[in-house]
Amino acid sequence: MTEVAVPPAAVRVALTGRRGGGSTIDRARRRLFVPFVGPAFILYSILFVVPALYAVWISFNKWAGAGPMDFVGFGNYVRLFSDKLFLRSFGNTLLLLFVVGLAIFVIAFALTLVLRDMAGKKIARSVIFFPHLVNAMIFGVLAGFIFNPGGLVNTLLAAFGVTDPPPWLSQDNLFPLIMVMMTWITTGYFTTILMAGVDRIPPYYYEDCALAGANAFQRLRYVILPLTWDVFGTCAVLWTISSVKIFEIIWIFGGSSGAGMPPTQTWTTAVYTYVTAFSGESVPAYGAASASAVLSLALVSVLVLLLRRVMKREAIEF
Amino acid sequence: MTSTVTDQTTRTLVMPPQRNRPRPRRAAIGRDRSVVRGVGLVLLWVFVVLNVAWMVWMVIQAFRDTRSILADPWGLPTSLDPVNFVTAWTVGDFATATMNSVVTTIVSSFLTVAIAAPAAYYLSRVENRLTSSLTMYFVLGLGIPAQVIVIPLFVMLNEVYLTDSLIGLNLVYIGVSMPFTVFLLTAFFRSLPLEMEEAAALDGTTAFGTFWRITLPLAKGGILTAFVLQVISHWNETLLALTLLQSTEKYTLPVALISFIQQQTYSGADWGGLFAGLCIVVLPMLVIYLWLGRRLTEGLTLGMGK
């Protein structure tokens, strides 16, 4: 069975060979460096890289946004880890990252296998991709209607004779609901990416499988998984990066839930950062807020490096 | 193992399965008929239907008044009177917000692509140590979450009086979008054939002329994709807009929606108006998706596998 996964002679476009181009052309092109790359480089550096570095610097200071900065070294970080609110937010971020991430991957992969050769695949695929293009906030607001006491879910349950539905929107139940919602709106996107990977597998591998009498599981194990492994890696990196940013769906989840700030049970590090710096209710603590943001950046970096190491395999060309 | 394999192989080869109805050839090979697959199919279609249903439901509710929505969330509107849209447009001040969003989105997306395309072109055509480290430098930005830069950006823009300003917001969007756009377009330019450019260069066209008159027209598709992807992400961007804008007349749609929801905490809920607001945010995305759907999914999945 194993030889099924071994690709035929790798057809590879030798990119380096194509780029010779002749030295005159290259020299002329090189003169375009400043006008072509310059503007992008400057804007990106000033508006993205410098702020990111500045954030690291702020995180080592105690600062209310105005007045002098007070260098405290790792003080902000130490304080964060004794702050219950931060630990809870950080825990929620991890829950989103790992639990929702795992759910998304299992479902998306299962959907991919079902979608692979079914009728109406194009329509199904296009429909489930759409939520990715909608502001996640919308789903947060809608959840308020779907789950409110006289809302869609409860009236539906009542029709099935459930008279005592759980209080969906109570503060303790909000975060699990957010996790379910996130799974729902993100699965379609990752299914599309995985599909793109599965679609690249040439059909003769499946034909070979059929001839060799491989069952569905063996086909999955020896053909589909090895050939889409790199796509899985990319998806994992993408989810790591985007899950840490989740903000707006939480900010507004359940509609108008009160004081203009979500209940602390649902906070993530992004929300923690925003509230600590801009809530307007207490003295803004830019240092602590930046430290929280820098920690989420550190989390992303560590995980992405780990993922790259774990997912690294001999790339299979086909 | 070996024996069963040979066994089945022989059987397949020797006795082609007799079927009552003719089936397409592919189906006989790729498809399993199992219970698991049946369940999967049902769940998939439920998922698909749910994904359409929420939108249909949202649009329907936008035509009903608050009291009837609360009385019966499954009901249908009695008329197609767009009163909720009028309320949202005037009372909720979605008119200004929509204007701001449209202008900001289009201007910032256009400038993003206009600035990123030449850079991506250069990075894809000239290969040396400098360009590969520059490409890396741009790509690194993909991993930085927005909350990291939001505080420094606020402080920095405040210094130059660009907070609470749409110009400031546009600048921020352009800077923040560079990594993705440069990354996407570099991958795209790499996929274009080089022969025409070489021919043009041999004919004496300048390097800039080659880019402007040969590569750009060839790359129209990819550039449009990059532009529309930016339109979508800038239209939906919330955290930066929420932080950088303070006065109502500067709000973009997501911020206006948040403030509309928060007002309702005090003035009593206007669900109908809120649904109309949601529609104003969602439906333009739907139109774009229906128009360019396939291209967008390809754009978002190209470059990913590499």
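Modeller: In what follows, helices are DSSP runs of H or I with at least four residues, strands are DSSP runs of E with at least two, and both are numbered from the N terminus. The model under discussion is predicted.

Biologist: Is Arg116(A) buried, partly exposed or exposed?

Modeller: Arg116(A) belongs to the loop that joins helix H5 (84-115) to helix H6 (121-129) in chain A. A residue is buried at 20 or more other C-beta atoms within 10 Å and exposed at 12 or fewer. Since Arg116(A) has 17 other C-beta atoms within 10 Å, this residue is partly exposed.

Biologist: How far apart in space are Arg116(A) and Val34(A), C-alpha to C-alpha?

Modeller: In sequence, 82 residues separate Arg116(A) from Val34(A). From C-alpha to C-alpha, the separation of the two in space is 47 Å.

Biologist: Which helix gives the largest share of the side of chain A that touches chain B?

Modeller: The contact draws 91 residues from chain A and 84 residues from chain B. On the side of chain A, the largest share is 15 residues, and these come from helix H3 (residues 33-58) of chain A. By class, that side holds 60 nonpolar, 20 polar and eleven charged residues. The helix asked for is H3(A).

Biologist: Are H3(A) and H8(B) roughly parallel, antiparallel or perpendicular to each other?

Modeller: The axes of H3(A) and helix H8 (residues 146-159) of chain B lie 8 Å apart, and the packing angle is about 100°. Angles of 65 to 115 degrees count as roughly perpendicular. The relation of H3(A) to H8(B) is therefore roughly perpendicular.

Biologist: Which residues of H8(B) meet H3(A)?

Modeller: H3(A) contributes Phe48(A), Pro51(A), Ala52(A), Tyr54(A), Ala55(A) and Ile58(A). The residues of this helix contact divide into twelve nonpolar, no polar and no charged. From H8(B), the partners are Val148(B), Ile149(B), Ile151(B), Pro152(B), Leu153(B) and Met156(B).

Biologist: Where in chain B is Tyr161(B) placed?

Modeller: Tyr161(B) has a phi near 55°, a positive value in a residue other than glycine. Most residues other than glycine have a negative phi. With 10 C-beta neighbours inside 10 Å, Tyr161(B) counts as exposed. Its place is the loop between H8 and helix H9 (166-190) of chain B.

Biologist: What is the phi of Asp164(B)?

Modeller: Asp164(B) is also in the loop between H8 and H9 of chain B. This residue is partly exposed, because 15 other C-beta atoms lie within 10 Å. Its phi is positive, although the residue is not glycine, with a value near 50°.

Biologist: Is Phe63(B) buried or exposed?

Modeller: Phe63(B) occupies the loop between helix H3 (35-61) and helix H4 (66-71) of chain B. Leaving aside neighbours within four places in sequence, its contacts are Pro77(B), Leu80(B) and Asn84(B). Having 20 C-beta neighbours inside 10 Å, Phe63(B) counts as buried.

Biologist: At which residue of H6(B) does the kink lie?

Modeller: Helix H6 (residues 94-125) of chain B has 32 residues, which at 1.5 Å a residue should span 46 Å; the end C-alpha atoms are 45 Å apart, in agreement. The kink in H6(B) is about 25° and comes shortly before the proline Pro118(B). The residue at the kink is Ala116(B).

Biologist: Are H11(A) and H14(A) roughly parallel or antiparallel to each other?

Modeller: Helix H11 (residues 216-244) and helix H14 (residues 286-311) of chain A have axes that come within 10 Å and cross at roughly 175°. The contact involves, among others, Trp229(A) and Phe232(A) of H11(A) with Leu303(A) and Leu307(A) of H14(A). By class, the residues of this contact are twelve nonpolar, three polar and no charged. Angles over 145 degrees count as roughly antiparallel, and the relation of H11(A) to H14(A) is therefore roughly antiparallel.

Conventions
Residues numbered from 1 in each chain as written. Chains lettered and ligands numbered in written order. Predicted model: local features only at pLDDT ≥ 70, side-chain atom pairs only at ≥ 80, totals over all residues. Contact = placed C-beta atoms within 7 Å. Nonpolar A, V, L, I, M, F, W, Y, C, P; charged D, E, K, R; others polar. Expected span 1.5 Å × (residues − 1). Bend = angle between axes of the 7 residues up to and from the residue. Axes fitted to C-alpha atoms, helices over the stretch in contact; angles between N-to-C directions. Parallel < 35°, antiparallel > 145°, perpendicular 65-115°, else oblique.
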